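This report describes the helical architecture of the chain shown below, together with the annotation held for it in a sequence record.

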Amino acid sequence: MPSARELTDHLRRLAPEVLAFGVIGAGNTLLYMAITWVALPIGAVKASVIATVVTTTLAYIANRYWTYRNHSRTALRREYTLFFGFNLVGMVIQSGSIAIGKYGFGLTEQHDEVAFMAVTLIGIVIATVFRFWAYRTFVFLKPPVDGHEADLTELDAVAGLAEISAEDPQPSR
């Protein structure tokens, strides 16, 4: 079990990352709402999709070049695909919390506005913690420790698998 000092040191090192992540998340949430509001006349679903694609792309760029600027760089396609995928999982978490409130607890939009906002906030918190963990664990890899990890981070996951599967250990005769 880590000592109190080790835990304090870890939290102190983690604080700038959490702060940057939070600032980006808050800014993107406001931008998402603004884009959705402006695009609402074309339809709520279309507006939501446009807002999601724009803010996810901007969040990726901001996190890559600010929050995780000291982490190893991997292929853009790999990072962005994982980033977008984890954002979709976060969206399912948020929407799932609302669905649990509505269908599990019988909340209604007409009578339980405050409860819906509370459930929405809980969903956002859980999804945010998930995204933070997923980004730092899977998307933006930590810098190499002994130099061997750098070889792996240079590979695009799909191209790397294709390259490995194309290798024939024994030439056929």
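Predicted model: local features only at pLDDT ≥ 70, side-chain atom pairs only at ≥ 80, totals over all residues.

## Annotated segments

## Overall architecture

The protein chain contains 6 helices and 0 strands, and its pattern along the sequence reads α-α-α-α-α-α. Of its 173 residues, 27% count as buried.

Contacts between residues at least 6 apart in sequence were also classified by separation: 68% of them join residues at least 24 apart.

## Helix α2 and its buried residues

Helix α2 spans residues 44–67. Its buried residues include the alanines Ala-47, Ala-51 and Ala-59, and the threonines Thr-52, Thr-55, Thr-56 and Thr-67. Tyr-60, Asn-63 and Arg-64 are buried in α2 as well. An α-helix has 3.6 residues a turn, so residues three or four places apart point the same way.

Against which helices do the buried residues of α2 pack? Their partners are α1 (4–39), α3 (76–104) and α4 (113–139).

## Packing of α1 with α2

Two packed helices are described by the angle between their axes and the distance between the axes. For α1 and α2, the axes come within 9 Å and cross at roughly 160°. Because of this angle, α1 is roughly antiparallel to α2.

The α1–α2 crossing is right-handed. The residues of the contact of α1 with α2 comprise 16 nonpolar, 7 polar and 1 charged.

## Packing of α3 with α4

Helices α3 and α4 pack with their axes 8 Å apart, at an angle of about 155°. An angle over 145 degrees counts as roughly antiparallel, and α3 and α4 are therefore roughly antiparallel to each other.

The crossing of α3 and α4 is right-handed. In the contact of α3 with α4, the residues divide into 17 nonpolar, 7 polar and 4 charged.

Notes. Residues numbered from 1 in each chain as written. Heavy atoms only, no water. Buried < 20%, exposed > 50% of the residue type's maximum accessible area, 1.4 Å probe, protein only. Helix = DSSP H or I, 4+ residues; strand = E, 2+ residues; numbered from the N terminus. Contact = heavy atoms within 4.5 Å. Axes fitted to C-alpha atoms, helices over the stretch in contact; angles between N-to-C directions. Parallel < 35°, antiparallel > 145°, perpendicular 65-115°, else oblique. Left-handed = near helix turned anticlockwise from the far one by under 90°. Nonpolar A, V, L, I, M, F, W, Y, C, P; charged D, E, K, R; others polar.
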